[in-house]
Amino acid sequence: MEYLAERSGLPVSVLRRNIFMLEGDDAVWHLMRVAGGLDSLVVGEGQILSQVRQCHLHSIEDDGCGGKVLSRLLNNAVAAGKRVRSETDISKGSVSISSAAVELSEAMCMQDLNLPFSEARLAVVGAGTMTRLLITHLASRGLERIAIVNRSMARPKELQEQFPDVDIEIVLEDGLWDVVGRSDIVYTATSSPDYVIDKSLLQENGQDGGRPLMLVDIAVPRNIGPDSVELPAVTPYNVDDLKAVVAKNTAMRQREMIEAENLLLDEKNSFIGWRESLSAIPTINQLQERANMFRQEELKKCTRKLSQNDNFSNRELEAVERLSRGIVNKMLHGPMAHLRRAESVEKKQAALSELSSMFRLDDDEGGRGRGRRRR
């Protein structure tokens, strides 16, 4: 907490009111849920997984401070997040107004316009944040060209820079009806308090001649008058229609959370099992050292006698040395494999206790001391 206070410049008292701290298995589970997108405001969104991945990459840098356990935890969390998104549908379906606008217009394009979405001519009125998000989602579906109608050039030019792979045509608001006249789908996202498009404006500008036109209003307050639905060739959609899409997809994601949690639980247990296996390393090292100590003591007695025999060469003595090492390794293989194979924390602790008792590892130092005194 002191580190965070020093880094942020905020007093500890303020940090304590705004930070919750977890440790041990609770911290592991929290990170798994975060990476899986279950703790996000938009369930299943992918940006948080990218942030966890950046944390992992930083932890393994030369100046990183992850350490063996934390780096492994972050790596496991990234793998868990990818698994959740690939094995469940938690990240599928639009859960924002802008993405829902794209999903709805793509789904209804053939029905309303008798035209594949990929062939539809697109335009958007307005160049704010909603338009940027809209183009982001359209670009993910292969958008190549779109017309933007706006009061000024500044924001549309910024969008041109942000989306260099999209051919963005910039049209000032005086050219609105020319753009509407040559578009199949028009999205509106302005901050205007008045309707930008309605029945009378469509009629005045010759847009009531029977050519199919889809209008998708993502603005609040509305940019498209509800009376535009009275024109037979015009199909308008508003935020209420988009909210229905969002609600349906959000409910679907909530159902997927159960399956996602089961997958994350597997990943959590896998990490905890690996972490607990680290506790076996000192016992394994101790067992190897004790066995090697006995091997060397017995080998010393044996080689002392064998070296007195002129018929034994140095190469043969080395063979005896290798033989003793091989016997010890084979004898230890079973106990150490049993120790590593223990699945649960309880079984691993029981295996550690059994081996310590069986080979008297707790008496190791004492045994060495008594042995030296006897000699």
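A residue counts as buried here when its relative accessible area is under 20%. Keep that cut-off in mind, and bear in mind too that this is a predicted model.

**Helix α12**

Let's start with helix α12, which covers residues 280-306. Its buried residues are Ala280, Thr283, Ile284, Leu287, Arg290, Ala291, Met293, Arg295, Leu299 and Leu306. As for length, 27 residues at 1.5 Å a residue should span 39 Å, and the end C-alpha atoms of α12 sit 38 Å apart, which agrees.

Two packed helices are described by the angle between their axes and the distance between the axes.

| Pair | Angle | Axis distance |
|---|---|---|
| α3 and α11 | about 135 degrees | 9 Å |
| α5 and α11 | roughly 155 degrees | within 10 Å |
| α6 and α7 | about 45 degrees | 8 Å |

Take α3 (residues 24-35) and α11 (residues 239-277) to begin with: they pack at about 135 degrees. That makes α3 oblique to α11, and their crossing is right-handed. On the α3 side, the contact uses Gly24, Asp25, Val28, Trp29, Met32 and Arg33, while α11 brings in several residues, among them Met257, Leu264, Glu267 and Phe271. By class, this contact has eight nonpolar, one polar and six charged residues.

Next come α5 and α11, whose axes cross at roughly 155 degrees. The two are therefore roughly antiparallel to each other, and α5 passes α11 in a right-handed crossing. From α5, the contact includes Arg72, Leu73, Asn76 and Ala80, and from α11 it includes Leu263, Glu267, Phe271 and Trp274. Nine nonpolar, one polar and seven charged residues make up the contact of α5 with α11.

Then there are α6 (residues 97-113) and α7 (residues 129-140), at about 45 degrees. That angle makes α6 oblique to α7, and α6 crosses α7 in a right-handed way. Ile97, Ser98, Ser99, Ala101 and Val102 of α6 meet Met130, Leu133, Leu134, His137 and Leu138 of α7. The contact of α6 with α7 splits into seven nonpolar, three polar and no charged residues.

**A closer look at Asn76**

Asn76 lies in helix α5, which runs over residues 67-87. With a relative accessible area of 11%, Asn76 is buried. Setting aside neighbours within four places in sequence, what does Asn76 touch? The answer is Met32, Glu267 and Phe271. Met32 belongs to α3, while Glu267 and Phe271 belong to α11, and these three also take part in the contact of α3 with α11.

How values were computed
Residues are numbered from 1 along each chain as its sequence is written. This is a predicted model: local features need pLDDT of at least 70, side-chain atom pairs count only at pLDDT 80 or more; totals for chains, interfaces and linings use all residues. Side-chain values use heavy atoms; hydrogens and water are left out. Axes are lines fitted to C-alpha atoms, for helices over the stretch in contact, and angles run from 0 to 180 degrees between N-to-C directions. Helices (H or I, at least four residues) and strands (E, at least two) are DSSP runs, numbered from the N terminus. Angles under 35 degrees count as roughly parallel, over 145 as roughly antiparallel, 65 to 115 as roughly perpendicular and the rest as oblique. A crossing is left-handed if the near helix is turned anticlockwise from the far one by less than a right angle, and right-handed if clockwise. Contact means heavy atoms within 4.5 Å. Ala, Val, Leu, Ile, Met, Phe, Trp, Tyr, Cys and Pro count as nonpolar, Asp, Glu, Lys and Arg as charged, and the others, Gly among them, as polar. The expected span of a helix is 1.5 Å times one less than its number of residues. Buried means under 20% relative accessible area, exposed over 50%, partly exposed in between (1.4 Å probe, protein chains only).
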